[in-house]
Amino acid sequence: MHALNHTAESSALHIEIVDMLYANNRRSLLAAFIVMAALLLVQRQLIAPEILLIWSVLFVLAYGTRAFLTYQYAKDPLREAHTRQWLQWFRATSLFCGIAWGVAGILLFPETDTEHQAFLIFALVGVSGAGIVIYSVDTITSNLFTGGIVLFMIPRFVLHGTPVSLALAVLFIVYVFYVTVAGRSLASSLRDNIMLRIASNLDNKKVHQLAYYDFLTGLPNRRLLADRLNQSFARCARHKSYGAVISLDLNNFKGLNDSKGHQAGDELLQQVAARLSLSLRKRDTIARMGGDEFIAVLDELSTEKAEAVVAAHRAAENMMAVFSAPFELQECLYRTSPSIGICLFQGDRYDEEEVLRRADIAMYQAKKSDKLNSIQMYDESAHPAIEQRATLENELAFALQGNQLLLYYQIQVNEAQQPIGAEVLLRWQHPLLGMIPPDQFIPIAEETGDIVPIGHWVLTQACLQLKHWAASTHTASLKLSVNVSAKQFSQPDFVQQVTDIVHTIGCDARHLCLELTESLIVKNVDEVIGKINALKALGITFSLDDFGIGQSSLSVLRRLPLDELKIDRSFIKDIAHNNYDSFIVQTIINMGKNLSHSVIAEGVELQQQMTLLQNMGCHSFQGYLFSKPVPLAEFEDCLQSILMQRVPAIPVPLARVQQGA
């Protein structure tokens, strides 16, 4: 970084020196022609007219070239990029001008008139001194100009002058030497001052860059975006036109960072930023909000809303198009796609935060869409549902620590309607929103990853309950079924986590049943089989949940070391009236027998359903016919009642475990 700063300062110093040389030259041109006119006027009586004419032509040619060069420099819009060439030309013309003055010492030298000799050397001394001071900022330019004068003038004064003119020549040399030394000191001070000013300017630019621009991509950051957006609000309000905010987020960016490293991720962001910058109009703003999120502000699209919508979609499609070509990352090609959300605004109807939030909501809708490369316009009608989901997503992160999660138990029975176990079901008792259904918060937990710590807690609580039930002979044989999410099961250390829980608590793992879904087992069959076998070695059993609605094939089922198939409730609901459902249920039961798996039907609500299932060969049941999911206290009261009916003379104490995070 220090080397980069030093290079920038040196380049800026070089540019400023050249600019100062040309700027000073504009003022010195007039002075040079005045001195020229004075010399011609004073020496005209002693010097032949043709000699005066020759020197005048030489002088005008030299300074005319200098004047033309100065004019061209002022016209060059890229002069800062051509600094080295302009400096070389200036040095060359400085030598030419110095030679013109030095030739004056030869051609305008009156051999017989000491007074006019003195005037000539006085004029050249003044020109030399002025040149040394004016050109002191560049030592080479100063030396070339002064050297041109001394080289041609001194020999004439030494060889053909009087003792007085010779003395004047010596004094001239001393004067030039002294002024040159003083000029170098002046030049050093001047350069130091320029460097301090340049460093200060660079620091100010650096502070501005850090304050308003993203350090990685060079795009405007959140602060500058807010300023540009508010300016756009004002313009749209003034002209009664529509603008738009586009929110763009890269799909699976975390996967790139995890697989290729953060350097590859940074390279991708830089290339995406460069492409997006070229996809928009010059008047529009593209900014990086952080991470892999980019925001575009489209200014004054149209006074008609329909036209503005079309224009905003066209801009979003242009942004989408930049992802059609692969990105070159660390000598490999990488393809990615974005999700894009659009929010229109008109004038000052919404503030900055609200417009950005709505664009972000639209982008979230695009990300959740089944369509790849989705572009979504903000939909006002979908706002309440999205708001609620965002609230749940935010609150869910604190539900476990806040002891808001509860476990409900739904009894499982055999043909005699005697309890054989229960399924553990998760509930969320929000302090303000009340009881939140699992179909609302569990998908959110899956997407955010909160399901992993939640699942760990559920398993722990289930094992604690099994440990407590083992203390009573009437409950020691009950099993607990626990749902395991795909994300939880796919954790590399899932087997170790379950093993640690079982060993730490000391429960009988043979009474713990883990329920898997079909969507989980078809993704990586070999890995699933390995984990199941490792946990079955502890005594844990496995059930395939919601069987019949997934995509598992018979060949996959034959390989899986399962213990139980669970018939989905959707087939049980109309089993008495729908021959198709009845046929599917019979097929599942037969398949379970052929694979040596037990079969349990969930969602049993009517005695007729249970009777039909028994006739088909199903011997285990779960559903509202027996009990709805209830808290632990109610479940054990129900269990107590059933057991008391079986053994009415003996009260049965049941141990309960206190739930807690």
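Predicted model: local features only at pLDDT ≥ 70, side-chain atom pairs only at ≥ 80, totals over all residues.
At what angle do the axes of helix H14 and helix H16 cross, and within what distance do they come?

**View 1. Packing of helix H14 against helix H16.** The axes of H14 (residues 451-469) and H16 (residues 494-505) cross at roughly 30° and come within 9 Å. Because angles under 35 degrees count as roughly parallel, H14 is described as roughly parallel to H16. The crossing in which H14 passes H16 is right-handed. From H14, the residues His456, Leu459, Thr460, Cys463, Leu464 and Lys467 meet Phe494, Gln497, Val498, Ile501, Val502 and Ile505 of H16. The residues of this contact comprise 8 nonpolar, 3 polar and 1 charged.

**View 2. The largest nonpolar core and the surroundings of Ile540.** This core holds 81 residues, and those with the most contacts inside it are Leu514, Ile540, Leu560, Ile567, Val585 and Leu613. Helix H14 supplies the largest share of the core, 10 residues. When neighbours within four places in sequence are set aside, Ile540 is in contact with Val498, Val502, Ala509, Leu512, Leu514 and Leu535. A second, separate core has 40 residues, among them Tyr22, Leu120, Ile121 and Ile154.

**View 3. Val322 in the loop between helix H10 and strand S4.** The loop that contains Val322 lies between H10 (305-321) and S4 (327-329). Val322 counts as buried because its relative accessibility is 15%, the cut-off being under 20%. Residues up to four places away in sequence not being counted, Val322 touches Arg275, Leu276, Ser279 and Phe327. The C-alpha atoms of Val322 and Leu278 are separated by 9.0 Å, with the two residues 44 residues apart along the chain.

Conventions:
Residues numbered from 1 in each chain as written. Heavy atoms only, no water. Axes fitted to C-alpha atoms, helices over the stretch in contact; angles between N-to-C directions. Helix = DSSP H or I, 4+ residues; strand = E, 2+ residues; numbered from the N terminus. Parallel < 35°, antiparallel > 145°, perpendicular 65-115°, else oblique. Left-handed = near helix turned anticlockwise from the far one by under 90°. Contact = heavy atoms within 4.5 Å. Nonpolar A, V, L, I, M, F, W, Y, C, P; charged D, E, K, R; others polar. Core = buried A, V, L, I, M, F, W, Y, C linked by side-chain atoms within 4.5 Å. Buried < 20%, exposed > 50% of the residue type's maximum accessible area, 1.4 Å probe, protein only.
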